[in-house]
Amino acid sequence: MNTEPKDTFQSKGKGSAKAVGDDASSGQSQKVRIRVLIADDHGVVREGLASMINRNRADMTVVGESSNGREALELWKQERPDVMLLDLRMPELDGVEVIKEIRARDKSARIIILTTFDGDEDIYRAIQAGAKGYLLKDITRKALMDSIRRVHTGETCVPLHLIAKLTDRVSGETLSERELEVLRLMAKGKSNKEIASALFISEGTVKSHGKAIFAKMNVTSRTEAVADAARRGLLRL
């Protein structure tokens with residue numbers, strides 16, 4: 001990771017789960033540390049984050065690591081960390097679903113999404129579900145540590161350029177659930193006739209939905225619509 005700050009921040013495979021117990025020899029200082037849980041399906045990322053947080057960080061410690069969403073949820077129930085670092089795309093249960101499950105149990109849970117995906121729909125879904133931070137994995141070490149501390153105190157941390165994307169998503173036209181269904185089938189290469197049959201609607205209605213999708217997304221073809229939807233996080237290809 002780079003050592004120079006990159007962003008200005010504004011408040012606002014199945015694997016094994018591992019719980020990390022407190023070190024009794026650390027005495028009183030251990031009690032004031034921010035307890036962090038890491039959930040990411042890439043082992044190298046988990047190990048790197050754990051090392052970064054634990055190395056010479058007197059104010060925080062890693063209490064657990066998990067490699068899929070289901071384990072992350074169970075480990076959160078067991079450890080009740082102060083802050084959770086959570087990947088967006090996880091096996092078994094994705095990040096947004098993990099947030100929803102945790103927030104249903106504890107509205108005060110502090111969760112930071114740490115991901116490579118910066119689509120406006122991804123950001124919107126995570127924040128709407130209750131994430132207190134949304135960070136990209138190219139973040140600097142200092143910015144990550146500062147974000148953990150700030151989220152722990154109750155702030156919301158999202159880089160300004162991601163806030164701009166979120167603003168565009170909130171202010172722009174959104175696709176209806178039916179339009180999303182049509183778009184998903186377009187992405188699978190289905191013809192208008194096949195889409196009509198799958199959704200029990202007429203071909204004329206499919207064409208109308210297609211025109212609406214193109215207009216809302218400001219595209220002129222199926223290929224453009226599918227590519228833009230994947231980039232924004234509306235579709236997973």
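Tutor: A residue counts as buried under 20% relative accessible area, as exposed over 50%, and as partly exposed in between. The structure above is a predicted model, and this scale will be applied to several of its residues.

Student: Where on that scale does Arg149 fall, and why?

Tutor: Arg149 has 24% relative accessibility and therefore counts as partly exposed. Asp146 is also partly exposed, because its relative accessibility is 27%.

Student: Which interaction brings the side chains of Arg149 and Asp146 together?

Tutor: The general idea comes first. Side chains of opposite charge can pair when their charged atoms come close. In this structure, Arg149 and Asp146 form a salt bridge, with an N to O distance of 3.2 Å.

Student: How many residues separate Arg149 and Asp146, and in which helix do they lie?

Tutor: An α-helix has 3.6 residues a turn, so residues three or four places apart point the same way. Both Arg149 and Asp146 belong to helix 5 (residues 141-152), where they are 3 residues apart, about one turn of the helix.

Student: How many salt bridges does the model contain?

Tutor: The count is 16 salt bridges. One of them joins Asp122 to Arg89, whose closest N and O atoms are 3.1 Å apart. Asp122 is in helix 4 (residues 120-129) and Arg89 is in the loop between strand 5 (83-86) and helix 3 (95-105), so this pair ties together parts that are 33 residues apart in sequence. Both Asp122 and Arg89 are buried.

Student: What does Arg125 of helix 4 pair with, and at what N to O distance?

Tutor: Arg125 forms a salt bridge with Asp94 at 3.9 Å, N to O. Here too distant parts of the chain are linked: Arg125 is in helix 4, Asp94 is in the loop between strand 5 and helix 3, and the two are 31 residues apart. Arg125 counts as partly exposed because its relative accessibility is 23%, whereas Asp94, at 13%, counts as buried.

Student: Is Ser66 buried or exposed?

Tutor: Ser66 has 0% relative accessibility and therefore counts as buried. Ser66 lies in strand 4 (residues 60-66), and its side chain reaches the backbone nitrogen of Ala72 at 3.0 Å.

Student: Which residues of helix 2 are buried?

Tutor: Helix 2 (residues 69-79) has Gly69, Glu71, Ala72, Leu73, Leu75, Trp76 and Glu79 as its buried residues. At the start of helix 2, a side-chain oxygen of Asn68 comes to within 3.0 Å of the backbone nitrogen of Arg70. After helix 2 comes Arg80, with a positive phi near 45°.

Student: What can be said of the chain as a whole, and how many helices and strands does it have?

Tutor: The chain has 10 helices and 8 strands. Of its 237 residues, 45% count as buried. The chain exposes about 12000 Å², and carbon and sulfur atoms supply 49% of that area.

Terms used: Residues are numbered from 1 along each chain as its sequence is written. This is a predicted model: local features need pLDDT of at least 70, side-chain atom pairs count only at pLDDT 80 or more; totals for chains, interfaces and linings use all residues. Side-chain values use heavy atoms; hydrogens and water are left out. Helices (H or I, at least four residues) and strands (E, at least two) are DSSP runs, numbered from the N terminus. Buried means under 20% relative accessible area, exposed over 50%, partly exposed in between (1.4 Å probe, protein chains only). A polar contact is a pair of N or O atoms within 3.5 Å; within protein, one must be able to donate a hydrogen and the other to accept it, and residues adjacent in sequence count only if both atoms are side-chain atoms. A salt bridge is a side-chain nitrogen of Lys or Arg within 4 Å of a carboxyl oxygen of Asp or Glu. Accessible areas come from the Shrake-Rupley method with a 1.4 Å probe; for residues, only the protein chains shown count as cover.
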